[in-house]
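This briefing goes through one model by topic. Please keep the sequence and the 3D view open while reading.

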Number of protein chains: 2
Amino acid sequence: MSDERLLCGLVNGLAKQIEAHLRTRAATLGLTASQGAALRELSGPLTLRELAGRMACEPSNATFVADRLEEQGYLERRPHPGNRRAKQLVLTPEGAELRERLLALLSQDSPLAPLSPGEQDTLQHLLARAVTR
Amino acid sequence: MSDERLLCGLVNGLAKQIEAHLRTRAATLGLTASQGAALRELSGPLTLRELAGRMACEPSNATFVADRLEEQGYLERRPHPGNRRAKQLVLTPEGAELRERLLALLSQDSPLAPLSPGEQDTLQHLLARAVTR
DNA sequence: CTAGAATGATTCTAATTGCAATGATTCGAG
DNA sequence: CTCGAATCATTGCAATTAGAATCATTCTAG
């Protein structure tokens with residue numbers, strides 16, 4: 001029989017651990033943890049709402065971090081083709097280059113490293129079933 | 001092959017989902033999410049640092065939520081036997097009663113419900129291996 | 001067609017959180 | 001024994017975050 005409270009603590013603990021890992025790596029590039037998370041998710045053009053969804057935060061926060069990244073010249077807001085309300089976030093060449101460096105840093109000493117590829121697969125499968133979006 | 005970035009997003013997403021679930025239930029008892037988390041972890045006397053560890057937050061934060069719970073009469077700070085630096089957090093009868101009500105609320109419609117007990121077991125096992133450094 | 005609901009982004013405000021510094025107590029090397 | 005390092009809780013401050021309100025645009029029922 002599984003203890004749900006313990007399980008919640010473990011999920012939260014691992015999330016915090018992943019965030020701490022991201023925080024240290026992003027800091028070496030002059031970014032906050034949130035900025036690093038945003039950069040990590042921007043594998044292609046995203047709308048602000050999509051970014052908020054991937055970062056699991058409020059849209060107002062996504063606006064905030066996008067502002068900072070835009071000020072630093074790492075992304076641009078472009079009019080969304082086909083929806084004039086929305087804006088597309090697109091990385092500048094500097095942003096894309098920085099993203100590559102960040103991804104390289106993140107792949108080192110990942111908190112998920114103790115798990116084998118197979119275990120990561122089953123973990124991914126279980127989490128995907130639990131997360132309702 | 002597993003995508004580590006996707007996995008990180010899933011862990012974070014589930015953590016946020018669990019927190020949102022906790023937030024709504026705690027709110028019906030007049031508590032914030034953090035206060036609810038603290039109450040949930042206080043199955044027995046805990047030191048502030050232990051509580052912070054279980055909540056995966058900074059000790060200063062644990063002090064903050066303990067202050068609130070103490071003001072509301074749900075817990076007491078007692079001198080720790082054997083260590084005069086530390087303080088033991090102990091639930092009052094009202095706190096213990098409130099905790100039972102919270103646990104009852106939390107067991108309903110848990111975000112982990114989509115997973116079978118067996119799946120929750122393997123999930124717990126995997127997370128435990130990843131989170132222990 | 002059109003009025004009202006819904007969606008997307010933004011702004012403002014308040015609350016939560018992390019971080020560095022401080023005081024008190026305990027531990028440990030020499 | 002003793003002095004410096006480490007631990008525990010707390011405080012103050014800065015930064016992040018969530019939540020409600022607002023404006024513009026899009027969708028939809030009738």
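Helix H3 (48–55) and H4 of chain A, together with H4 of chain B, each supply at least two residues of the surface near DNA strand C. The model is predicted. The points below cover both DNA strands, helix H4 of chain B, the contact between the chains, and chain A as a whole.

**Surface near DNA strand C**
- DNA strand C is surrounded by 22 residues, and the closest are Thr47(A), Arg49(A), Ser60(A), Cys57(B) and Ser60(B).
- H4(A) gives the most to this surface, with 4 residues.
- Sorted by class, the surface near DNA strand C holds 6 nonpolar, 8 polar and 8 charged residues.

**Surface near DNA strand D**
- Around DNA strand D there are 22 residues, of which Cys57(A), Ser60(A), Arg84(A), Arg49(B) and Ser60(B) are the closest.
- At least two residues each come from helix H4 (59–71) of chain A and from helix H3 (48–55) and helix H4 (59–71) of chain B.
- H4(B) has the largest share of the surface near DNA strand D, 4 residues.
- The class counts for the surface near DNA strand D are 6 nonpolar, 8 polar and 8 charged residues.

**Helix H4 of chain B**
- The 13 residues of H4(B) should span 18 Å at 1.5 Å a residue, and the end C-alpha atoms are 18 Å apart, which agrees.
- Four residues of H4(B), namely Ala62(B), Val65(B), Ala66(B) and Leu69(B), are buried.
- Ser60(B), Asp67(B) and Glu71(B) are exposed and sit on the face of H4(B) turned away from its buried side.
- Within chain B, the buried residues of H4(B) pack against helix H2 (33–41), H3, strand S2 (75–79) and strand S3 (87–91).
- Gly73(B) follows H4(B) and has a positive phi, near 80°.

**Contact between chains A and B**
- Chain B puts 38 residues into the contact, and chain A puts in 38 residues.
- On the side of chain B that touches chain A, helix H1 (4–27) and helix H6 (117–131) of chain B each supply at least two residues.
- H1(B) provides the largest share of that side, 15 residues.
- By class, the side of chain B that touches chain A is made up of 21 nonpolar, 9 polar and 8 charged residues.
- Leaving out residues up to four places away in sequence, Val11(A) touches Val11(B), Leu14(B), Ala15(B), Ile18(B) and Leu127(B).
- The largest nonpolar core has 70 residues, and Val11(A), Ala38(A), Val11(B) and Ala38(B) are those with the most contacts inside it.

**Chain A as a whole**
- Chain A has 6 helices and 3 strands, and along the sequence these follow the pattern α-α-β-α-α-β-β-α-α.
- The C-alpha trace of chain A spans about 50 × 30 × 25 Å along its principal axes.
- Of the 133 residues in chain A, 38% are buried.
- Taking the contacts in chain A between residues at least 6 apart in sequence, 42% join residues at least 24 apart.

Note on methods
Residues are numbered from 1 along each chain as its sequence is written. Chains are lettered from A and ligands numbered from 1 in the order in which they are written. This is a predicted model: local features need pLDDT of at least 70, side-chain atom pairs count only at pLDDT 80 or more; totals for chains, interfaces and linings use all residues. A residue is buried if 20 or more other C-beta atoms lie within 10 Å of its own, exposed if 12 or fewer, and partly exposed in between; C-beta atoms are placed from the backbone. Two residues are in contact if their C-beta atoms, placed from the backbone, lie within 7 Å. A nonpolar core is a set of buried Ala, Val, Leu, Ile, Met, Phe, Trp, Tyr and Cys residues joined through C-beta atoms within 7 Å. A residue is near a molecule or strand if its C-beta atom, placed from the backbone, lies within 6 Å of it. Ala, Val, Leu, Ile, Met, Phe, Trp, Tyr, Cys and Pro count as nonpolar, Asp, Glu, Lys and Arg as charged, and the others, Gly among them, as polar. The expected span of a helix is 1.5 Å times one less than its number of residues.
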